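Please keep the sequence and the model in view while reading the points below.

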Amino acid sequence: MAVDIERTRELALALPTTQAVQHFERCAFRTPRKIFATLDAGAGELNLTFDPELRDFYCEQEPTAFSPLPGGWGRQGATRCDLAHVDEATLTSALAAAHRLAAPKAKSARPG
């Protein structure tokens with residue numbers, strides 16, 4: 001059931017245009033636009049940048065694996081994932097959802 005740190009990195013970096021960068025004491029995964037997840041290897045947890053609706057969905061579906069971060073970040077959708085209690089399919093889905101929210105916005109074509 002648990003997903004280890006190295007596999008979590010692999011899953012995040014498999015998403016298009018994703019780079020790993022240092023973010024304070026954590027490894028952050030970002031698109032060219034913004035960070036969508038941060039990994040605390042020592043604590044075995046991943047913080048995901050969701051909107052409130054996604055936060056609620058994952059917390060309701062897998063309450064042992066997902067919980068809102070405390071304070072304002074959590075109210076905005078930031079969600080903690082306990083890697084010891086999440087399966088790979090659910091983690092892959094959560095990473096993809098956070099990545100979609102952080103992806104660069106498509107440029108609209110101007111009428112000619």
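In this predicted model, D87 caps the N-terminal end of helix α4. A side-chain oxygen of D87 lies 3.1 Å from the backbone nitrogen of A89.

**Helix α4**

- Helix α4 comprises 15 residues, 88-102.
- The buried residues of α4 are T90, L91, A94, L95, A96, A97, A98, H99 and A102.
- In general, an α-helix has 3.6 residues a turn, so residues three or four places apart point the same way.
- Among the elements that cover the buried residues of α4 are the helices α1 (5-13) and α2 (52-61).
- The cover also includes the strands β3 (35-40), β4 (45-49), β5 (66-68) and β6 (78-82).
- Helix α4 lies across β3, β4, β5 and β6, and it runs at about 35 degrees to β4.

**The sheet**

- An open sheet is formed by 6 strands in the order β1-β2-β3-β4-β6-β5, with antiparallel pairing.
- β1 (19-23) and β5 are the edge strands, each of which pairs on one side only.
- On average, and with direction ignored, neighbouring strands of this sheet are turned by 25 degrees against each other.
- In general, strands of a sheet pair through backbone hydrogen bonds, either parallel or antiparallel.
- Helix α2 lies across β5 and β6 and runs at about 135 degrees to β5.

**Pairing of individual strands**

- β1 and β2 run antiparallel and are joined by 5 bridges; V21 has A28 in β2 as its bridge partner.
- The two strands β1 and β2 form a hairpin with 2 residues between them. In the turn, F24 has a positive phi of about 55 degrees.
- β2 and β3 pair over 4 bridges in the antiparallel sense, and the bridge partner of C27 is L39 in β3.
- A second hairpin topic concerns β2 and β3, which are joined through 4 residues.
- Strand β2 (residues 26-30) has 4 of its 5 residues buried, so it is largely enclosed by the rest of the structure.
- β5 and β6 form 3 bridges in the antiparallel sense, and S67 has R80 in β6 as its bridge partner.

**Residue T18**

- T18 is found in the loop between α1 and β1.
- Is T18 buried or exposed? Its relative accessibility is 13%, and T18 therefore counts as buried, the cut-off being under 20%.
- A polar atom of the T18 side chain lies 3.1 Å from the backbone oxygen of L15.
- The side chain of T18 also makes a polar contact, at 3.5 Å, with the side chain of H99; H99 is one of the buried residues of α4.
- Leaving aside residues up to four places away in sequence, T18 touches A12, L13, F29, R30, F36 and H99.

**Residue G71**

- G71 is found in helix α3 (residues 71-76).
- With a relative accessibility of 39%, G71 counts as partly exposed.
- G71 and P32 are 39 residues apart in sequence, and their C-alpha atoms are 27 Å apart in space.

**The chain as a whole**

- The protein chain contains 4 helices and 6 strands, which follow the pattern α-β-β-β-β-α-β-α-β-α along the sequence.
- How many of the 112 residues are buried, as a percentage? Buried residues make up 40% of the protein chain.
- Of the contacts in the protein chain with a separation of 6 or more, 53% are between residues 24 or more positions apart.
- A compact globule with 112 residues would have a radius of gyration near 13 Å; the protein chain has 14 Å, which agrees.
- Taken along the principal axes, the C-alpha atoms of the protein chain fill a box of roughly 55 × 25 × 25 Å.

Key:
Residues numbered from 1 in each chain as written. Predicted model: local features only at pLDDT ≥ 70, side-chain atom pairs only at ≥ 80, totals over all residues. Heavy atoms only, no water. Expected span 1.5 Å × (residues − 1). Buried < 20%, exposed > 50% of the residue type's maximum accessible area, 1.4 Å probe, protein only. Contact = heavy atoms within 4.5 Å. Polar contact = N/O pair within 3.5 Å; in protein donor to acceptor, adjacent residues only side chain to side chain. Pairing = 2+ DSSP bridges. Axes fitted to C-alpha atoms, helices over the stretch in contact; angles between N-to-C directions. Rg over C-alpha atoms; globule rule 2.2 N^0.38 Å.
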